Amino acid sequence: MSDVVIKPQRLKMDPRKRQGYIMFLMILPLLSLVFLFQYFPLHGLIYAFYDYRPPFRLFDTDFVGFRWFTTLVANASRRRQILEVLTNTFAMSGLSILFSWLPMAFAILLNIISNRPYKRVVQTLTTLPNFISWVLVYSMAFFIFSSTGFVNTLAIRLGIYENPILFLQSGDNVWITMWLWGTWKGLGWSAILYIAAIAGIDQELYEAAYVDGAGRFRVVWHVTIPGLLPTYFVLLLLNIASFLSNGFEQFFVFSNPFNLQRIQVLDLFVYNLGIGQGNYSLAVAISLMRSLISLTLLFTVNRLSKLLRGETII
């Protein structure tokens, strides 16, 4: 009688689990980068509790506890400086939140355009500035608005005024100008999310509205805008949660000794303290406080969203 060889059967994996493992492996490099650049540097927050001075090692310096946190309100001069920085930060963030509906409105206007080639050209031209670095943006601004730039040179030659106007050095309207430059650079890119959301709206709603006799603007008001509001509120809540973070590059390249008092937001202030003045511990302490406040704002607006809209963002 011949021996019967029984081959072991391979265990078959559920196709959905297999697809999940594949997707996880695909995003693993991205998760590694997020951990490396977002979470691993968090150990540096310990510098806020030491009197760190390079080139000494951290644990060779004195542990000072919460001294740097109390230093922020220790004297009138420091309190006045912090108040000035917070005023600039609140003004910039307030303008950004006040006009946060502009990308949505721009996406709706793009969607209304029926000429597809013209629509693509407009969308491309408004998206390209997002990929221009702030250094190049400032170079453009310097070419146009500096004391020897195009605007001043043309105005003097036409006899509009005799002496050049120092647009870039003035701090009078710097909040508005910074918001305008930021809007010009990011409007088209921010509208992409809303364009994608418009594409996801059920087309039967549009057809039903047209059948009921609604015009183009009534369709926008009763179909498009309600379909975009969930996306808008999520982005608005995220902007509120990051109220104290205006970014750094824009304000750094546009800052100068003449407008520093009005353009110095919290991120730029932390950079000037840490890199400019070498006070690393105080800069880290301010960054830690900003992170805690931003985290508190995030959970607060998330709670308000749940109470008012029945939906949460986290």
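Biologist: How many residues are in the largest nonpolar core, and which have the most contacts inside it?

Modeller: The largest nonpolar core has 21 residues. Those with the most contacts inside it are Met 104, Ile 108, Tyr 194, Ile 198, Tyr 206, Val 223 and Leu 228. A core here is a set of buried Ala, Val, Leu, Ile, Met, Phe, Trp, Tyr and Cys residues joined through side-chain atoms within 4.5 Å. Buried means under 20% relative accessible area, exposed means over 50%, and partly exposed is in between (1.4 Å probe, protein chains only).

Biologist: Which helices each supply at least two residues of this core?

Modeller: Helix H4 (102-112), H8, helix H9 (203-211) and helix H10 (216-241) each do. Helices (H or I, at least four residues) are DSSP runs, numbered from the N terminus.

Biologist: What other core lies apart from it?

Modeller: Another core, of 18 residues, including Val 64, Phe 69, Phe 269 and Leu 273.

Biologist: Before we go on, what are the ground rules of the model?

Modeller: It is a predicted model: local features need pLDDT of at least 70, side-chain atom pairs count only at pLDDT 80 or more, and totals for chains, interfaces and linings use all residues. Residues are numbered from 1 along each chain as its sequence is written, and side-chain values use heavy atoms, with hydrogens and water left out.

Biologist: Back to Val 223. What does Val 223 touch?

Modeller: Ile 201, Leu 205, Tyr 206, Ala 209 and Arg 218, leaving aside residues up to four places away in sequence. Contact means heavy atoms within 4.5 Å.

Biologist: Now H13. Which of its residues are buried?

Modeller: In helix H13 (residues 266-276), the buried ones are Leu 266, Asp 267, Leu 268, Phe 269, Val 270, Leu 273 and Gly 274.

Biologist: What covers the buried residues of H13?

Modeller: The cover includes helix H3 (76-98), helix H11 (249-254), helix H12 (260-263) and helix H14 (280-309). After H13 comes Gly 278, with a positive phi near 75°.

Biologist: Thr 89 is in H3. Is Thr 89 buried or exposed?

Modeller: Thr 89 counts as buried, because its relative accessibility is 0%. A polar atom of the Thr 89 side chain lies 3.0 Å from the backbone nitrogen of Leu 266. That is a polar contact: a pair of N or O atoms within 3.5 Å, where within protein one must be able to donate a hydrogen and the other to accept it, and residues adjacent in sequence count only if both atoms are side-chain atoms. Thr 89 also touches Phe 243, Leu 244, Asn 246 and Val 265, among others.

Biologist: Switching topic. At what angle do H5 and H8 pack?

Modeller: About 130°, with the axes of H5 (residues 116-127) and H8 (residues 174-199) 7 Å apart. So H5 is oblique to H8.

Biologist: Which residues meet there?

Modeller: Gln 123, Thr 126 and Thr 127 of H5 meet Gly 188, Trp 189, Ile 192 and Ile 195 of H8.

Biologist: How exposed is Thr 126?

Modeller: Thr 126 counts as partly exposed, at 22% relative accessibility. The Thr 126 side chain reaches the backbone oxygen of Val 122 at 2.8 Å. A polar atom of that side chain lies 3.1 Å from the backbone oxygen of Gln 123.

Biologist: Last one. Where is the cis peptide bond?

Modeller: Between Pro 54 and Pro 55, with omega about 10°. Pro 55 is in the loop between helix H1 (15-39) and helix H2 (67-71).

Terms used: Axes are lines fitted to C-alpha atoms, for helices over the stretch in contact, and angles run from 0 to 180 degrees between N-to-C directions. Angles under 35 degrees count as roughly parallel, over 145 as roughly antiparallel, 65 to 115 as roughly perpendicular and the rest as oblique.
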